[in-house]
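I opened the notebook to look up a few charged, aromatic and loop residues. The entries are in the order in which I went through them.

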Amino acid sequence: MFLDENFLLTNEVGRKLFHQYAKDEPIIDYHCHLEPKVIFENQQYENLTQVWLNNRGAGDHYKWRLMRANGVAEELISGDGDDYEKFLAFVRTMEKAPGNPIYEWSHLELRRYFAIDLIINQKNAPEIWRQANEKIQTDAYRPKKLLEMMKVKAICTTDDPTDDLGYHAVLAQEHNSFKVLPTFRPDNTWAITTEEYREYLEKLGESAQQSIQTFADLTIALSNRVAFFHEMGGRLADQGLNTFVYAPATNEELDAILARALTGETNFTTTEVAQFTTAIQKHLMGEYHQRQWTMQMHMNAFRNDSTKMKREIGINVGGDSMGDQSELTKNIVNLFAEVEEANQLPKTILYSLNPNDWLPLATAMQSFQGEIVQKLQLGCAWWFNDTCEGMRNQLTIMAQQSLLANFTGMLTDSRSFLSYPRHEYFRRVLCQLLGEWVDQGRLPEEDEYLGQIVKDICYGNAHEYFGFFES
């Protein structure tokens, strides 16, 4: 039966593990793109479209990509078209989406948040719209309540080093059932080929109260901002490395690169970009290690594929794709080997958007383990990979090359408050896989043993690994 209580669960062990151990575990969303301002303001949505698809230009890009594939006009996707017409356009898109995880997730979202079990189609659209909107127009469907509904205990947002974290500060003073914590996302600090870089450095210097004229000045500014994020409860960093090439450089070379960037120059060689990026990675890894932070590395993505889309709509609107950088693992290994020699390798989670990198990265990370439990992890099936098959693939590689029972589990990587059923989806995949291994004679059928592993992956490991709840 479609999305019944045992969907994705075809064996008895998997069903038992999900219903008795996984289902009711809280959620730690340690990487997402929710806005702390929106959480703080806690404003009421007007209708289903605003919370589900597009709220003044912010929305679920997973859904936007499918709508474009169905020929929907952009004004009904990211634009200012009528909200009901946007909803209908999405409904028509879902009718064409069997096999796509968005089809299953969207139905889960209606069921778990709104108790609507209707199939998403044009026939049911008016009734779905009516039932959902009746609930949305109550206080029980404001952003904070949506988080509480899914038992979310911690949300880690994505924040630039220049952010003042003002909304994090006021949220920290509230008595919510969840924490909203900043994540240090320093991508802009090595973006020397962009026209905005000089202006960005000025803003960074102001935030850090540090004049930036040399590379040493830049490292001081970054250290100051890491310290500030730490004071504000931050325990995570996220390096958005679309590509990464390891290239050492002298201080003189780095100063020369920065001096040119300060004049507004953007025409740097690939070697110079690699040198500058590598140097910043090394410095920041030392800062993270010192504070016992966890560093996330998101890699091998192509951003803003369509120059037309970027020009007309903007960035972060669903115009990205999977990268195909060669020798990624070799470059990461060279970086880690150097940082390890200086005893500055932090806890690290490695993500690649290209699943061809997962096995090489998983084998490489095992060369740098030690000191603490699962110092290096293979990140969950990220972005285009967070499908049933992608999740199974990632879990299998993590199990075969390291210690699955130490894995920190799922995250949303989402801009939508309705994304949390994705954790349920992941938990079902996890329990089904473990159940299959039992049926194959590869694991003992011991409920307490397997159940504790499931509970740890769903919540307990993230709770212990990141230290968000330590005083």
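The entries below are what I looked up in this predicted model.

**Entry: a charged patch**

I began at the surface. There I found a patch of negative charge, made up of Glu195, Glu196, Glu199, Glu202 and Glu206. I then took one of its members, glutamate 206, and looked up where it sits. Glutamate 206 belongs to helix α10, which covers residues 197–208. Is glutamate 206 buried or exposed? I noted a relative accessibility of 63%, and exposed means over 50%, so glutamate 206 counts as exposed.

**Entry: a loop**

Next I went to the loop between α12 (251–262) and α13 (270–291), where I found glycine 264. Its relative accessible area is 36%, so I wrote down glycine 264 as partly exposed.

With a relative accessible area of 54%, threonine 263 is exposed.

**Entry: aromatic pairs**

How many aromatic pairs does the structure hold? I noted 27 of them. One of these is the pair of phenylalanine 184 and phenylalanine 229, which is edge-to-face, with 5.0 Å from centre to centre and 90 degrees between the planes. The pair links distant parts of the chain, since phenylalanine 184 is in strand β6 (residues 183–184) and phenylalanine 229 is in helix α11 (residues 215–231), 45 residues apart. Both phenylalanine 184 and phenylalanine 229 are buried.

I then turned to tyrosine 351 and tryptophan 382. Why is this pair edge-to-face? The ring centres are 6.4 Å apart and the planes are at 65 degrees; edge-to-face needs over 60, so the pair qualifies. Tyrosine 351 is in strand β11 (residues 347–352) and tryptophan 382 is in the loop between β12 (376–378) and α17 (388–401), so the pair ties together parts 31 residues apart in sequence. Tyrosine 351 has a relative accessible area of 1% and is buried. Tryptophan 382, at 3% relative accessibility, also counts as buried.

**Entry: an aromatic cluster**

Last, I listed the members of one aromatic cluster: Trp52, Tyr84, Phe87, Phe90 and Trp129.

Definitions and conventions. Residues numbered from 1 in each chain as written. Predicted model: local features only at pLDDT ≥ 70, side-chain atom pairs only at ≥ 80, totals over all residues. Heavy atoms only, no water. Patch = residues over 30% accessible without salt bridge, like charges linked within 9 Å, V, L, I, M, F, W, Y side chains within 5 Å. Areas by Shrake-Rupley, 256 points an atom, 1.4 Å probe, with all protein chains shown as cover. Salt bridge = Lys/Arg side-chain N within 4 Å of Asp/Glu carboxyl O. Lys, Arg positive; Asp, Glu negative; His and termini not counted. Charge placed at Lys NZ, Arg CZ, Asp CG, Glu CD. Helix = DSSP H or I, 4+ residues; strand = E, 2+ residues; numbered from the N terminus. Buried < 20%, exposed > 50% of the residue type's maximum accessible area, 1.4 Å probe, protein only. Phe/Tyr/Trp six-rings, centres within 6.5 Å; stacked < 30°, edge-to-face > 60°.
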